[in-house]
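Visitor: I would like to take a close look at a single part of this protein chain. Could you guide me from the whole down to one residue and what surrounds that residue?

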Amino acid sequence: MKKAEKIKFIINTLEELYPQIEIPLHHKDPYTLLIAVLLSAQTTDARVNTITPILFAKADNPYDMVLLSVDEIREIIKPLGLSPMKSKGIHGLSQILIDKHNGEVPQTFEELEALPAVGHKTASVVLSHAFAIPTFPVATHIHRLMHRWGLSDGSSVTQTEKDAKRLFPKDKWNKLHIQIILYGREYSPARGWNLEKDIITNTIIQSKKK
């Protein structure tokens with residue numbers, strides 16, 4: 001299977017499996033998405049979705065969030081881990097959004113990554129799903145599958161992102177990265193991986209033997 005055929009096969013298979021997608025993190029606007037993504041670091045989306053309703057009931061915008069203390073935020077988000085860093089980040093970025101951006105979430109990598117506790121992946125997710133700007137956030141599942149599929153060498157998340165952007169059509173990035181995550185969870189996990197169940201990887205491996 002040539003690389004172009006492989007890309008087409010992957011896109012078509014994912015489209016058949018997941019024709020409709022939505023970001024797994026519950027949110028209602030760019031700000032709540034930004035906070036939810038920040039909270040998702042080193043924990044699961046499902047866990048985040050149990051905590052954000054509690055946090056957002058108290059503060060679902062930067063103006064209300066800065067009225068909470070860092071300790072109050074930390075107490076709410078403690079079950080998610082990394083609460084000292086995350087609570088300072090949430091409070092700090094909320095103040096910056098008020099001071100520099102009229103309370104609005106900015107729409108550029110440069111401005112987003114300048115916010116406390118906001119890295120490249122978080123910025124990518126926000127730009128993609130809050131503003132429909134084409135990005136390719138590389139989650140753990142994507143990094144693993146790009147390597148399993150022989151599309152990236154797995155050396156770094158940065159390289160995986162470059163390879164994904166080079167290989168997949170730009171107009172599919174925003175949907176495709178979610179489809180790959182969903183596929184990774186269901187068919188190609190890191191643990192308990194069953195190659196026979198992993199349709200895409202199995203097909204690619206079998207094509208090499210022909």
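Guide: For a chain of 210 residues, a compact globule would have a radius of gyration near 17 Å, and the protein chain, with 19 Å, agrees with that. This is a predicted model, and in it the C-alpha atoms of the protein chain fill a box of roughly 65 × 30 × 30 Å along the principal axes. The protein chain has 12 helices and zero strands, and buried residues make up 46% of its 210 residues. Among the contacts in the protein chain with a separation of 6 or more, 59% are accounted for by residues 24 or more positions apart.

S83 has a relative accessible area of 6%, and because buried means under 20%, S83 is counted as buried. Leaving aside residues up to four places away in sequence, S83 touches R74, I77 and K78. One of these neighbours, R74, is also joined to S83 by a polar contact, which runs from side chain to side chain at 3.5 Å. A further distance can be given for I73, which lies 10 residues from S83 along the chain, and here the C-alpha atoms of the two residues are separated by 8.4 Å.

Notes
Residues numbered from 1 in each chain as written. Predicted model: local features only at pLDDT ≥ 70, side-chain atom pairs only at ≥ 80, totals over all residues. Heavy atoms only, no water. Helix = DSSP H or I, 4+ residues; strand = E, 2+ residues; numbered from the N terminus. Rg over C-alpha atoms; globule rule 2.2 N^0.38 Å. Buried < 20%, exposed > 50% of the residue type's maximum accessible area, 1.4 Å probe, protein only. Contact = heavy atoms within 4.5 Å. Polar contact = N/O pair within 3.5 Å; in protein donor to acceptor, adjacent residues only side chain to side chain.
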